[in-house]
Amino acid sequence: MCVRRAVYYDPDTAKEDPSKQGVCSNFLCNSKPGDKIKITGPSGKIILLPEDDPNATHIMIANGTGVVPFRGYLRRMFMESVPKFKFGGLAWLFLGVANTDSILYDDEFTKYLKDYPDNFRYDKALNREQKNRSGGKMYVQDKIEEYSDEIFKLLDNGAHIYFCGLKGMMPGIQDTLKKVAEQRGENWEEKLSQLKKNKTMEC
Ligand SMILES: NC(=O)c1ccc[n+]([C@@H]2O[C@H](COP(=O)([O-])OP(=O)(O)OC[C@H]3O[C@@H](n4cnc5c(N)ncnc54)[C@H](OP(=O)(O)O)[C@@H]3O)[C@@H](O)[C@H]2O)c1
């Protein structure tokens with residue numbers, strides 16, 4: 001389980017306010033090895049790997065702990081032994097984190113890269129360490145722009161695309177995809193509604 005402790009800082013005093021700390025994250029982070037914990041779920045919208053075509057392409061865009069559902073997808077593809085799902089397609093993970101030391105599960109992903117070079121691609125945007133083309137922070141949308149030609153070709157050929165992470169990352173990503181579509185003489189809104197209709201896009 002991947003849990004990030006949620007702590008609230010009062011914007012006026014810049015001091016921590018324990019009365020508003022994240023209930024679930026702090027409960028889990030304060031628990032000790034051996035403690036018994038009751039869990040339930042999933043609740044609300046669930047995100048599941050479509051397994052009807054084991055040769056499909058899956059493009060995964062994540063920020064921070066948003067990588068967690070994709071870690072599950074990748075374990076399913078490359079680690080678990082599933083008789084009816086022998087993955088032979090392409091999984092491409094784009095991960096945005098602040099610094100090298102905040103990359104989650106890098107060892108797992110690097111191993112997949114080594115063991116399955118034809119089926120896995122892994123690109124990181126280290127927000128505060130790398131610079132984008134205009135000299136600003138390197139965000140996942142900058143990486144998407146860098147590989148936009150390939151991404152659009154894959155989408156045209158039926159690739160699935162997923163986004164998970166901060167809600168605030170979506171406007172920047174949408175703007176980038178729109179800009180790229182326009183450069184290619186395509187209408188992003190139409191493409192987006194087609195992707196959603198085909199159920200090949202999940203946020
Ligand atoms: N649905 C699920 O299953 C699931 C699972 C896990 C997590 N999540 C969600 O994923 C989110 C991740 O939170 P976190 O605390 O782990 O992330 P975080 O560390 O706060 O953010 C990760 C990176 O995103 C960058 N970022 C900030 N604004 C951005 C923007 N507009 N465009 C692109 N990148 C941007 C940040 O860069 P800077 O700080 O340098 O600006 C930061 O380095 C949470 O909202 C969590 O609830 C969902």
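I looked up glutamate 146 and found a salt bridge to lysine 143, with the closest N and O atoms 3.4 Å apart. I count a salt bridge when a side-chain nitrogen of Lys or Arg is within 4 Å of a carboxyl oxygen of Asp or Glu. The model is predicted: local features need pLDDT of at least 70, side-chain atom pairs count only at pLDDT 80 or more, and totals for chains, interfaces and linings use all residues. Residues are numbered from 1 along each chain as its sequence is written, and side-chain values use heavy atoms, with hydrogens and water left out.

Glutamate 146 and lysine 143 sit three residues apart in helix α4 (residues 140-146), so about one helical turn separates them. Helices here are DSSP runs (H or I, at least four residues), numbered from the N terminus. I noted glutamate 146 as partly exposed at 39% relative accessibility. Lysine 143 is buried at 11%. My cut-offs for relative accessible area: buried is under 20%, exposed is over 50%, partly exposed is in between (1.4 Å probe, protein chains only).

Next I checked lysine 191. Its side chain meets that of aspartate 156 in a salt bridge, 2.4 Å from N to O. This pair links distant parts of the chain, 35 residues apart: lysine 191 is in helix α7 (residues 188-197) and aspartate 156 in helix α5 (residues 148-156). Salt bridges with shared partners join Asp149, Asp156, Arg184, Glu186 and Lys191 into one network.

Last, I searched the whole structure and got 16 salt bridges. One of them pairs glutamate 108 with arginine 71 at 2.7 Å, N to O. Glutamate 108 lies in helix α3 (residues 106-115) and arginine 71 in helix α2 (residues 68-78), so the pair ties together parts 37 residues apart in sequence. Glutamate 108 is buried at 14% relative accessible area.

Terms used:
Helix = DSSP H or I, 4+ residues; strand = E, 2+ residues; numbered from the N terminus.
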